[in-house]
Amino acid sequence: MVSGVVRGRLVGTAEDEIADGVVEFDEGLITWVGAAANYPDPEKLPASSDDLVLPGLIDLHCHGGAGFGFPNADAAGARVAAAHHRAQGTTGLMGSLVSDQPDVLIEQAARLADLVEDGELLGVHLEGPFINESRCGAQDPAAIRPGDPALFERMYAASRGTVRSMTLAPETAHFDELLAAMRRHDVLPSLGHTDADAATTSSRIAEASGGPITATHLFNGMPALHHRSPGPVAACLAAAGRGEMVVELIADGVHLAPETVAMVFDTVGADQIALVSDAMAAAGMSDGDYRLGALDVRVHDGVARLATDDGSTGAIAGGTARLIDVLRWTVFVAGIPLADAVTSATRTPARVLGLEGERGSLTVGTRADIVVTDQSLQPRRVFVAGTEGT
């Protein structure tokens, strides 16, 4: 394992930011964090700089990048996608699938399991197929089905235990049985792609108490918040405000307005928000034609939408931003303090995956996943378990 020292403005430590700080690592773990003035081996200190030093980012929701989508690519292509996000500072990545026919999902989950076992992905995220067809967004309506615990067990078994999260609608059939199976296998339930009312959503959140639960890309794939029909958005915001749920936000300038993102941070706080990319194959690529599962996607001006036969505007079909781009937009457009935005891209997702203390912060004993950026949050260096450029 490589040992080393990086220096800059530390954000994401156990305490406050450190204006001129040092992170030392050895054998893949962080061994020292503190002010440069207190570093015990001053002869090893790098020159001071205005670089930002952040924990490696953790993306709970990503469908691909660099021209390859996790639902569509072979193993080699999936590795290219994972490496692309890693090079942009996402040192922990969930590989997300979309609703498809059972045999297809089983094959896809098995293929991604290899990447999880090799350490290139944190786990597999099943975004469906137990969602509401009326709120399917950029998913194939023909692939959506009522909740089926037996099918979940088949997908989980095919993944060799690497499925770590699953999006399902609160109103899907057999929700109780599905939740019990997910808890038994330590799979994170995420409510989304739903047309449920507030009462149903609140009831499901209450049923899931005692373990982590998230909301899949809050606001997207669900009814709009209305003062006489508050729907799942209000229920999820209230639960997050009570500390009972973490809500995903795709803060990329396409899925949400900056005022919406600011409102959620002000309302529930960074510890209950996970910034996600929802990136698909076009992330890091130029405009053009792509696929997301079984559906055709056209990217124009950096916005991915379902392709339509008549040329009408299709549904937004995932994102083209990487998580570092989301972090940058959150800070410089939505106006969220850097420390809060970093928390929501590192420590919070680590916590809901049960990785707190292992990843997600610049603290002694955690894995040496480190991102060094300039003042504009453009990556300069990325370390994975202490090794640069992996």
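Where is glycine 161 found? Glycine 161 sits in the loop between α3 and β10. Let's start there and then walk through the rest of the model.

## Ground rules and a first stop

This is a predicted model, in which local features need pLDDT of at least 70, side-chain atom pairs count only at pLDDT 80 or more, and totals for chains, interfaces and linings use all residues. Residues are numbered from 1 along each chain as its sequence is written, and side-chain values use heavy atoms, with hydrogens and water left out.

Glycine 161 and leucine 355 are 194 residues apart in sequence, and C-alpha to C-alpha they are 16 Å apart in space.

Strands of a sheet pair through backbone hydrogen bonds, either parallel or antiparallel. Here, two strands count as paired if DSSP finds at least two bridges between them.

Look at strand β1 (residues 4-10): six of its seven residues are buried, so the strand is largely enclosed by the rest of the structure. β1 runs antiparallel to β2, joined by six bridges, and leucine 10 stands opposite isoleucine 18 in β2. With strand β4 (residues 52-55), β1 pairs in the parallel sense over two bridges, and arginine 9 stands opposite leucine 52 in β4. Strand β2 (residues 18-26) also pairs with β3, antiparallel and over six bridges; there, phenylalanine 25 has isoleucine 30 of β3 as its bridge partner.

## The eight-stranded sheet

The other sheet to look at is open too, with eight strands in parallel pairing: β5-β8-β9-β10-β11-β12-β13-β14. β5 and β14 (273-275) stand at the edges with a single partner strand each, so one side of each is left without a neighbour in the sheet. Further in, strand β9 (residues 123-127) and strand β10 (residues 163-168) pair in the parallel sense over four bridges. Histidine 125 has serine 165 in β10 as its bridge partner.

Now for histidine 63, in the loop between β5 (57-59) and β6 (64-65). At 2% relative accessibility, this histidine counts as buried. Contact means heavy atoms within 4.5 Å. Leaving out residues up to four places away in sequence, histidine 63 touches a set of residues including Phe68, Ser96, Glu127, Asp278 and Leu292.

## Two helices side by side

Helix α2 (residues 102-117) lies across β8 (90-98) and β9, running at about 170° to β8. Axes are lines fitted to C-alpha atoms, for helices over the stretch in contact, and angles run from 0 to 180 degrees between N-to-C directions. The axes of α2 and helix α3 (residues 149-158) come within 7 Å and cross at roughly 30°.

Which residues in α2 meet α3? Pro102, Asp103, Leu105, Ile106, Ala109 and Ala110 in α2 meet Leu151, Arg154, Met155 and Ala158 in α3. By class, this contact has eight nonpolar, no polar and two charged residues. For the classes, Ala, Val, Leu, Ile, Met, Phe, Trp, Tyr, Cys and Pro count as nonpolar, Asp, Glu, Lys and Arg as charged, and the others, Gly among them, as polar.

## Around helix α6

Proline 223 is found in the loop between β12 (214-215) and α6 (231-241), and it is buried, with a relative accessible area of 15%. Among the residues it touches, not counting those up to four places away in sequence, are Arg135, Thr194 and Pro232.

As for α6 itself, the helix is mostly covered, with eight of its 11 residues buried. Those buried residues pack against α5 (198-207), β12, β13 (246-249) and α7 (258-268). Just after α6, glycine 243 takes a positive phi of about 80°.

How values were computed
Buried means under 20% relative accessible area, exposed over 50%, partly exposed in between (1.4 Å probe, protein chains only).
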